[in-house]
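Here is a short report for a reader new to this structure. Please look over the sequence and the model first.

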Amino acid sequence: MPIHQNRTGRRSAAATLLAVLASAGLAALTPTAAQAASTCTSLTYYRVGGYQGGAEMHVPTLGWQDGNKTCYLKYGNSNSAVKVLQEALNNCYSQSLRLDGQYGTNTRNAVLYAQRQINDTWAWANIAEDGEYGPQTRAWMGFAIFGVNGGPVIPNVCYYPG
């Protein structure tokens with residue numbers, strides 16, 4: 001029996017069509033990573049073992065020492081979280097950024113470089129190469145290690161917090 005003559009078939013077809021339209025509408029309303037996450041505004045110090053006298057890693061976070069790494073940085077941001085990102089890019093990805101806390105063209109290009117390096121090194125990382133610091137980049141990126149209590153960066157030593 002054709003679908004238009006079968007009451008059950010019409011309900012099933014209508015339900016399927018409604019589901020398809022709803023999912024299409026929801027997909028259009030789904031926020032991007034930048035829209036879904038809040039902007040990193042500060043940093044958190046994490047202790048790192050195995051170093052004489054101790055060491056710590058600085059990671060961009062939502063707030064000061066709050067441990068909330070689920071935040072985002074992109075072109076135009078300006079704060080201490082950007083400076084932490086710049087330190088990591090200089091120390092772990094051989095960039096030469098001025099530590100000014102400004103996410104401008106140079107920082108965006110350095111993040112893009114790091115993303116390419118990560119994808120080239122770990123093919124399964126498959127992170128977006130968009131020049132923005134978000135969850136994928138954070139999961140694979142190395143961060144600079146400092147001596148405790150404000151000690152200097154330990155050159156060319158990076159830690160990967162995931």
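## A buried glutamine

Gln86 counts as buried, because its relative accessibility is 0% and the cut-off for buried is under 20%. This is a predicted model. Gln86 sits in helix 3, which spans residues 80-92.

Two polar partners stand out. The side chain of Gln86 makes a polar contact with the side chain of Asp100, at 3.0 Å. The side chain of Gln86 also reaches the backbone nitrogen of Gly101, at 3.0 Å. Leaving out residues up to four places away in sequence, Gln86 touches Leu97, Arg98, Leu99, Asp100, Gly101, Gln102 and Thr107.

## The nonpolar core

The largest nonpolar core has 26 residues. Leu73, Leu85, Leu89, Tyr133 and Met141 have the most contacts inside it. Strand 3 (55-61), helix 3, helix 4 (105-121) and strand 5 (143-147) each give two or more residues to this core. Helix 3 gives the most, with 6 residues. In soluble globular proteins, nonpolar side chains tend to be buried together.

Take Leu89 as a case. Beyond its neighbours within four places in sequence, Leu89 is in contact with Ser94, Gln95, Leu97, Thr107, Ala110, Val111, Ala114 and Met141.

## Confidence

The mean pLDDT of the protein is 80. Of its residues, 77% reach 70 or more. Among the elements, helix 4 has the highest mean pLDDT, 97. Helix 1 (residues 7-29) has the lowest, 41.

Over residues 1-36 the pLDDT is below 50. This stretch has 10 contacts in the model beyond near neighbours in sequence.

Key: Residues are numbered from 1 along each chain as its sequence is written. Side-chain values use heavy atoms; hydrogens and water are left out. Helices (H or I, at least four residues) and strands (E, at least two) are DSSP runs, numbered from the N terminus. Buried means under 20% relative accessible area, exposed over 50%, partly exposed in between (1.4 Å probe, protein chains only). A polar contact is a pair of N or O atoms within 3.5 Å; within protein, one must be able to donate a hydrogen and the other to accept it, and residues adjacent in sequence count only if both atoms are side-chain atoms. Contact means heavy atoms within 4.5 Å. A nonpolar core is a set of buried Ala, Val, Leu, Ile, Met, Phe, Trp, Tyr and Cys residues joined through side-chain atoms within 4.5 Å. pLDDT is the predictor's confidence in each residue, from 0 to 100.
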